[in-house]
Amino acid sequence: RGDNVTSTPLLLSSRKRLGTFSLALSQFLPFARYTTLFTMEHAFQVDCQVTGTAEPTKFTGFISKDWSVGDAPNGGYLMALAINAARKAAPFRDPLSMTAYYLNKTIENAPVDIEVKILNETKSMVTASISLSQQGVLRSQYMGTLGTLSKQTGVNYNNLPLAPQLPHPDDCVDISAVIRDTYKEKMPFAHRIQYKAPKDDPFVIGAIDKKENKVATMSCWIRFDGGELLPGLRSMALFCDAMAPILGMM
């Protein structure tokens with residue numbers, strides 16, 4: 001369990017348009033099954049680790065600079081830390097919903113204090129509040145519900161936009177190098193993610209083929225670089241905020 005998930009395809013389909021990003025998780029998760037194939041820890045797993053304290057609802061962690069945009073830690077990475085702490089404090093592991101409030105800038109390359117408050121608990125799920133603080137200042141707050149995804153039953157309603165229909169990843173262009181070369185040290189987390197876009201995507205036409213293009217849109221597959229760690233419920237938080245700003249590359 002955790003972030004090791006097998007599915008077809010292994011990459012997540014995502015789209016960014018002028019800073020608006022949507023990832024249709026519901027199109028992916030029903031086909032996912034948990035595995036325990038990997039024994040070597042991925043950098044994402046290491047950087048999301050939290051350690052318990054003498055109090056069962058309080059934890060400590062460390063904010064890695066490797067998942068930042070500029071000098072600000074990626075919001076999805078911070079949410080993954082919150083999910084990790086909630087999993088340790090609650091009897092359930094699967095984040096069914098999570099809302100984030102980013103209140104003050106989080107300091108990278110520094111310790112973080114995490115507190116989990118259980119607000120409601122039933123036989124099938126827990127609702128909790130998770131706070132991330134540094135130097136006595138509340139940096140971000142999360143409200144989430146954890147349960148067991150495989151045991152969810154009943155009527156489902158999905159009003160999210162469908163994931164973009166893209167060619168198979170093998171038929172797409174790897175645009176990771178372009179993103180990394182453009183932002184370099186300003187976007188270190190892009191060096192840990194692979195991006196593959198269709199050959200006729202506006203981004204490929206404008207940024208790679210250097211042809212005239214007035215559409216600021218990028219649709220692509222994303223996954224952890226190398227493919228050793230497959231996406232799971234915790235890493236979904238990161239992928240929801242993992243697309244690069246388009247206008248800086250076109």
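1. Let's start with Arg-192: in this predicted model, its relative accessibility is 24%, so Arg-192 counts as partly exposed. The side chain of Arg-192 meets that of Asp-66 in a salt bridge, with N and O 2.9 Å apart. Look at where the two residues sit: Arg-192 is in the loop between helix H3 (176-183) and strand S14 (193-197), while Asp-66 is in the loop between S6 and strand S7 (68-69), so the pair ties together parts that are 126 residues apart in sequence.

2. Asp-66 has another partner to find, as a salt bridge also links Asp-66 to Lys-65 (3.8 Å, N to O). Through shared partners, Lys-65, Asp-66 and Arg-192 are joined into one network. Asp-66 is partly exposed at 24% relative accessible area, and Lys-65 is partly exposed at 43%.

3. The structure holds 5 salt bridges. One of them pairs Lys-58 with Glu-55, whose closest N and O atoms are 3.6 Å apart. Lys-58 is partly exposed, with 30% relative accessible area, and Glu-55 is partly exposed too, at 42%.

4. Now for the sheet. Its 6 strands follow the order S5-S6-S10-S11-S12-S9, forming an open sheet with antiparallel pairing. Strands S5 (50-52) and S9 (94-102) are at the edges with a single partner strand each, so one side of each has no neighbour in the sheet. On average, neighbouring strands are turned by 25 degrees against each other, direction ignored.

5. Which residue of S6 is the bridge partner of Val-50? It is Gly-61. S5 and S6 (residues 58-63) run antiparallel and are joined by 3 bridges.

6. Finally, find helix H2 (residues 75-89), which lies across S5, S6, S9, S10, S11 and S12 and runs at about 130 degrees to S9.

Note on methods:
Residues are numbered from 1 along each chain as its sequence is written. This is a predicted model: local features need pLDDT of at least 70, side-chain atom pairs count only at pLDDT 80 or more; totals for chains, interfaces and linings use all residues. Side-chain values use heavy atoms; hydrogens and water are left out. Two strands pair if DSSP finds at least two bridges between them. Helices (H or I, at least four residues) and strands (E, at least two) are DSSP runs, numbered from the N terminus. Axes are lines fitted to C-alpha atoms, for helices over the stretch in contact, and angles run from 0 to 180 degrees between N-to-C directions. Contact means heavy atoms within 4.5 Å. A salt bridge is a side-chain nitrogen of Lys or Arg within 4 Å of a carboxyl oxygen of Asp or Glu. Buried means under 20% relative accessible area, exposed over 50%, partly exposed in between (1.4 Å probe, protein chains only).
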